[in-house]
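Open the model in your viewer and get ready to select residues. We will go stop by stop.

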Amino acid sequence: MALQPEPRKNRLLAALPDGEWQRWLPQLEAVEMPLGQVLYESGTTLSHVYFPSTAIVSLLYVMENGASAEIAVVGNEGVVGISLFMGGESTPSRAVVQSAGQGFRLKAQVIKDEFNRAPVLHLLLRYTQALITQMAQTAVCNRHHSLDQQLCRWLLLSLDRLQGNELVMTQELIANMLGVRREGVTESALKLQRAGLISYARGRISVLDRQGLERRSCECYAVVKKEYDRLLPDTVAI
């Protein structure tokens, strides 16, 4: 499959030094990532890691009764499947594409071998720290902040991982991600729409006032963004 789109639209791939980049390029496989695709299920051994370029992937924790809640989102800033290079092989979470697009994948053994090289090791460990921050902040946010604030945080995190200001997303899917009832999402979305912050119609959410959305969000979004910006600067890893 031809390498389309450009793999360096993913920030981690873009941060690879030239030597690593030249070694990785022939092994990167371009993949379509349609809405709802499950990249891995809870407890299964991972065969690849995924580097989204235009897609967004939701990491979900699924309960025994089938209920689920999102613990993190991964887009063009990161990689899906950290358990492979962290030594765990599998994870209790599920990875589902929440916004369709493209990405690239790398075989499990390749990423394990590459993790032993200093530039890759340092880059992936910094990304893992940022991801853990997002997971921890999500847990705190879901416990202590209102659904309106959670929705603002979720919209902003998703927007950071997309080009443009529009998300293709149903209220039912958002409710599943946040682990709440659909009626609650409907009410919160209407509040944001009446405030002129978003426009929502037919499964498409357009952000009209990003600064207003940031002001309405809790501190959780800013904490997560600051950590990603600090740990993953737009420079080549060394």
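**Stop one: a strand and its partners**

Select S58, which stands opposite V73 in β5. Strands and helices here are DSSP runs, numbered from the N terminus: a strand is E with at least two residues, a helix is H or I with at least four. Before going on, note that this is a predicted model, where local features need pLDDT of at least 70, side-chain atom pairs count only at pLDDT 80 or more, and totals for chains, interfaces and linings use all residues. Residues are numbered from 1 along each chain as its sequence is written, and side-chain values use heavy atoms, with hydrogens and water left out.

Now select β4 (56-62). Six bridges tie β4 to β5 (residues 68-74), and the two run antiparallel. Two strands pair if DSSP finds at least two bridges between them. Between β4 and β5 the hairpin has five residues, and there G66 takes a positive phi near 95°.

Look at the other pairing. β4 also runs antiparallel to β6 (residues 93-99), again with six bridges. Five of the seven residues of β4 are buried (under 20% relative accessible area; exposed is over 50%, partly exposed in between; 1.4 Å probe, protein chains only).

**Stop two: S99**

Select S99, in strand β6. S99 is the bridge partner of I56. Is S99 buried or exposed? S99 is buried, because its relative accessible area is 10%. Leaving aside neighbours within four places in sequence, S99 is in contact (heavy atoms within 4.5 Å) with M33, L35, A55, I56 and L162.

**Stop three: the core**

Select L39, L59, V79, V80, Y127, W154 and L213: they have the most contacts inside the largest nonpolar core, which has 71 residues. Helix α6 (residues 147-160) gives the most to this core, with seven residues. A nonpolar core is a set of buried Ala, Val, Leu, Ile, Met, Phe, Trp, Tyr and Cys residues joined through side-chain atoms within 4.5 Å. Zoom in on W154. Beyond four places in sequence, W154 touches residues including E70, V73, L167 and M177.

**Stop four: the pocket**

Select Y40, I82, T91, S93 and M135, which lie nearest the centre of the largest pocket. A pocket is an open set of points on a 1 Å grid over the protein atoms alone, where a 1.4 Å probe fits, with protein on both sides within 12 Å along at least five of seven lines; lining residues have an atom within 4 Å of a point. Finally, colour β4, α3 (82-86) and α5 (118-144): each supplies at least two residues of the lining.
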